[in-house]
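Welcome! Take a look at the sequence and the model, then read on.

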Amino acid sequence: MKLFHIALAGFLGLAAFAGSAISAAATDLLTIQLKDGPVVIELMPDVAPKHVAQIEALAKKGAYDNVVFHRVIDGFMAQTGDVQYGNTTKGYNAAKAGTGGSDLPNLPAEFSKVPFTRGVIGMARAQDPNSANSQFFIMFADGDFLNGQYTVVGKVVSGMELVDKIKRGEGQNGEVSNPDKMLKVTVSKK
């Protein structure tokens, strides 16, 4: 009986350790400070490890700070992350915002079965599915037509009401004049 209790205690200890290791792996957080407050995104390194690693690397070196939401389409999404031309304090070019990336390499697609629903974060890319770099978008509404076409990297877990306040663009392309921006972007673990 004593051996059973020792084995049970060992099993429970191992289960607690494994549970904390699993929950730690699932809580990579990206916090975007907007003019109205913070938006917290739970990143999905298990779904798109290369894309999440690139976003985290750019955020850790401050590359996303002061980058505008250059393309915002009401009822669809808000796009940002052009660290080359979209940074209002370093080389901002409104005419080119949305055409640039970062000094890191483009990434191969990491498509998944995670659907594009309200609050999901996807990587922007050109026609080539393997061209995502630094730009990403936040969904205002469900967009199942994007499923399997773009890489999902995370989901808003707090502050979606602040995302809804991002200044909208005009026209079919959603180009924004005097756009809102990400004031500061940080990475943490919960």
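Searching the whole structure, which is a predicted model, turns up two cavities of 30 Å³ or more.

**Cavities**

- The largest cavity holds about 40 Å³ of space.
- Its lining is made of L34, K35, D36, L162, K165, I166, D180 and K181.
- By class, that lining of the largest cavity has three nonpolar and five charged residues, with no polar ones.
- The second largest cavity has a volume of about 30 Å³, and H51, F111, M123, R125, P129, A132, Q149, Y150 and T151 line it.
- In the second largest cavity, the lining splits into five nonpolar residues, three polar and one charged.

**The largest pocket**

- The volume of the largest pocket is about 560 Å³.
- Its lining counts 30 residues, and H70, R71, Q79, G98 and Q135 are the ones that lie nearest the centre of the pocket.
- Of the residues lining the largest pocket, 16 are nonpolar, eleven are polar and three are charged.

**Overall layout**

- The protein has three helices and ten strands.
- The protein has 190 residues, and 43% of them are buried.
- Among contacts in the protein with a separation of 6 or more, 66% are between residues 24 or more positions apart.

**A look at helix 2**

- Helix 2 covers residues 49–60, and its twelve residues should span 16 Å at 1.5 Å a residue; the end C-alpha atoms are 16 Å apart, so the model agrees with that expectation.
- Which residues of helix 2 are buried? They are H51, V52, Q54, I55, E56, L58 and A59.
- The cover over these buried residues of helix 2 includes strand 1 (28–34), strand 2 (37–43), strand 6 (120–123), strand 8 (152–158) and strand 10 (184–189).
- Just after helix 2 comes G62, with a positive phi of about 80 degrees.

**Salt bridges**

- How many salt bridges does the structure hold? There are seven.
- D180 and K35 form a salt bridge in which the closest N and O atoms are 3.5 Å apart. D180 sits in the loop between helix 3 (160–163) and strand 9 (181–182), while K35 sits in the loop between strand 1 and strand 2, so the pair ties together parts that are 145 residues apart in sequence.
- D180 has 15% relative accessibility and so counts as buried, whereas K35, at 53%, counts as exposed.
- K35, D36 and D180 are linked in a network of salt bridges, and these three are also among the residues lining the largest cavity.
- R168 pairs with D74 in a salt bridge, the closest N and O atoms being 3.0 Å apart. R168 is in the loop between helix 3 and strand 9, and D74 is in the loop between strand 4 (71–73) and strand 5 (77–80), so this pair ties together parts that are 94 residues apart in sequence.
- R168 is partly exposed, with a relative accessible area of 26%, while D74 counts as exposed at 58% relative accessibility.
- D164 and R118 meet through their side chains in a salt bridge, 2.6 Å from N to O. This pair links distant parts of the chain, with D164 in the loop between helix 3 and strand 9 and R118 in the loop between strand 5 and strand 6, 46 residues apart.
- D164 is partly exposed, with a relative accessible area of 30%, and R118 counts as partly exposed at 35% relative accessibility.

**Two loop residues with positive phi**

- Most residues other than glycine have a negative phi.
- N66 is not a glycine, yet its phi is positive, at about 70 degrees. N66 is found in the loop between helix 2 and strand 3 (67–68), and at 19% relative accessibility N66 counts as buried.
- N178 is another residue other than glycine with a positive phi, near 50 degrees. N178 lies in the loop between helix 3 and strand 9 and is exposed, with a relative accessible area of 67%.

Key. Residues are numbered from 1 along each chain as its sequence is written. Side-chain values use heavy atoms; hydrogens and water are left out. On a 1 Å grid over the protein atoms alone, a cavity is a set of points where a 1.4 Å probe fits but cannot get out, and a pocket is an open set with protein on both sides within 12 Å along at least five of seven lines; lining residues have an atom within 4 Å of a point. Grid points are joined across faces, edges and corners, and a volume is the space filled by probe spheres set on the points. Ala, Val, Leu, Ile, Met, Phe, Trp, Tyr, Cys and Pro count as nonpolar, Asp, Glu, Lys and Arg as charged, and the others, Gly among them, as polar. Helices (H or I, at least four residues) and strands (E, at least two) are DSSP runs, numbered from the N terminus. The expected span of a helix is 1.5 Å times one less than its number of residues. Buried means under 20% relative accessible area, exposed over 50%, partly exposed in between (1.4 Å probe, protein chains only). Contact means heavy atoms within 4.5 Å. A salt bridge is a side-chain nitrogen of Lys or Arg within 4 Å of a carboxyl oxygen of Asp or Glu.
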